[in-house]
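Subject: Structure handover

Hello,

Here is the structure I said I would pass on. Please open it alongside this message.

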Amino acid sequence: MKINRELAALILAAIGIPAIYFGGFFFFVVFSGMVAIAAWEFGRLFRPLDIQPFTVVTAGGTLLVLITRAYFPSLVIPVLTFLILVVMAVYLVTYERGRDRAATDFAVTMAAIFYLGWIGSYFFDLRSLPDGLGWFILVMVPLWASDSAAYYIGSRFGKHKMTPRLSPKKSWEGYAASVVGGGLVGVIVGLFLAYVGLLTVSIPASLVIGLLMGAVPTLGDLGESMIKRQAGIKDSGGLIPGHGGAFDRIDSWLWAAAVGYYFIVWFAI
């Protein structure tokens, strides 16, 4: 059965919203699964460039970092050290077997593990904060709203290209709408969370978080676009009908979780 864009979005929401609400192991399984699949896609993006990291190694190494950061944080440095050595050994073998670009394969594999494994772990750091449900909502809802605002304004009123080479459809008008929309939604969500008793947060903090979510995560989207442009690929995968792959979905979420986490820890708690 062919699944259209809207139905795919509903299925994602039906899985994601309960995971966010209940947190714990359910949340870990859903989000670590998305990140690990994104790492698998990351490796495949480089195939047209004759770079062939083992997708099992990229996804498996990323998942190992996620598990360690989430459940065994004191072991994360030893695990990363061990992982680098093991992955290097894997590609030493492939080079010896005739793969002349094994060193490049190794570099891309480690890039996937560090980028998606390490940065992806901030999903769990953010959700594990005191009042983590409220903070997660305050970070992610303005992000999603800013993305919609950028698309709506940019597609109708965008005249000045923001990144003609990386993403020709992005405009400065859309980016401005993203920042403004993120800020407004941040304030609204902050007030709502305070009203229902999920989170006590000041209006200035809600505003800044919303503005950050409208401004910074765009870089994550553009970073993925850079990889896809170089490889000549439109989507990272076909996991989500009408939406592309897992990496296409979470590229900006990764930046949002990391930036939101540090702002909250440094300035809001």
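Predicted model: local features only at pLDDT ≥ 70, side-chain atom pairs only at ≥ 80, totals over all residues.

Helix packing

H5 (residues 102-120) packs against H2 (residues 24-45), their axes coming within 10 Å and crossing at roughly 160°. The two helices are therefore roughly antiparallel, since the cut-off for that term is over 145 degrees. The crossing of H2 over H5 is right-handed. On the H2 side the contact is formed by Val-35, Ala-38, Ala-39 and Phe-42, and on the H5 side by Val-108, Ala-111, Ala-112, Tyr-115, Leu-116 and Gly-120. Sorted by class, the residues of this contact are nine nonpolar and one polar, with no charged residues.

H5 also packs against helix H4 (residues 76-96), at an angle of about 155° and with the axes 9 Å apart. H4 and H5 are therefore roughly antiparallel as well, and H4 passes H5 in a right-handed crossing. H4 contributes Val-76, Leu-80, Leu-83, Ile-84, Val-87, Met-88, Tyr-91, Thr-94 and Tyr-95, while the H5 residues include Asp-105, Phe-106, Met-110 and Trp-118. This contact has 14 nonpolar residues, two polar and one charged.

Nonpolar cores

The largest nonpolar core has 49 residues, of which Phe-31, Phe-123, Trp-135 and Met-140 touch the most other members. At least two residues each come from H1 (5-22), H2, H5, H6 (122-127), H7 (132-157), H8 (172-196), H9 (203-215) and H11 (246-268). H11 gives the largest share, eleven residues.

For Trp-135, the contacts beyond four places in sequence are Leu-126, Leu-129, Pro-130, Leu-199, Val-201, Ile-209, Ile-264, Ala-268 and Ile-269. There is also a second, separate core of ten residues, with Val-76, Tyr-91, Phe-106 and Met-110 among them.

Loop residues with positive phi

Which residues other than glycine have a positive phi? Asp-50 is one, with a phi of about 60°. Asp-50 sits in the loop between H2 and helix H3 (55-71). Its relative accessibility is 35%, so Asp-50 counts as partly exposed.

Asp-131 is another, with phi near 60°, and lies in the loop between H6 and H7. With a relative accessible area of 48%, Asp-131 is also partly exposed.

Regards

How values were computed
Residues numbered from 1 in each chain as written. Heavy atoms only, no water. Axes fitted to C-alpha atoms, helices over the stretch in contact; angles between N-to-C directions. Helix = DSSP H or I, 4+ residues; strand = E, 2+ residues; numbered from the N terminus. Parallel < 35°, antiparallel > 145°, perpendicular 65-115°, else oblique. Left-handed = near helix turned anticlockwise from the far one by under 90°. Contact = heavy atoms within 4.5 Å. Nonpolar A, V, L, I, M, F, W, Y, C, P; charged D, E, K, R; others polar. Core = buried A, V, L, I, M, F, W, Y, C linked by side-chain atoms within 4.5 Å. Buried < 20%, exposed > 50% of the residue type's maximum accessible area, 1.4 Å probe, protein only.
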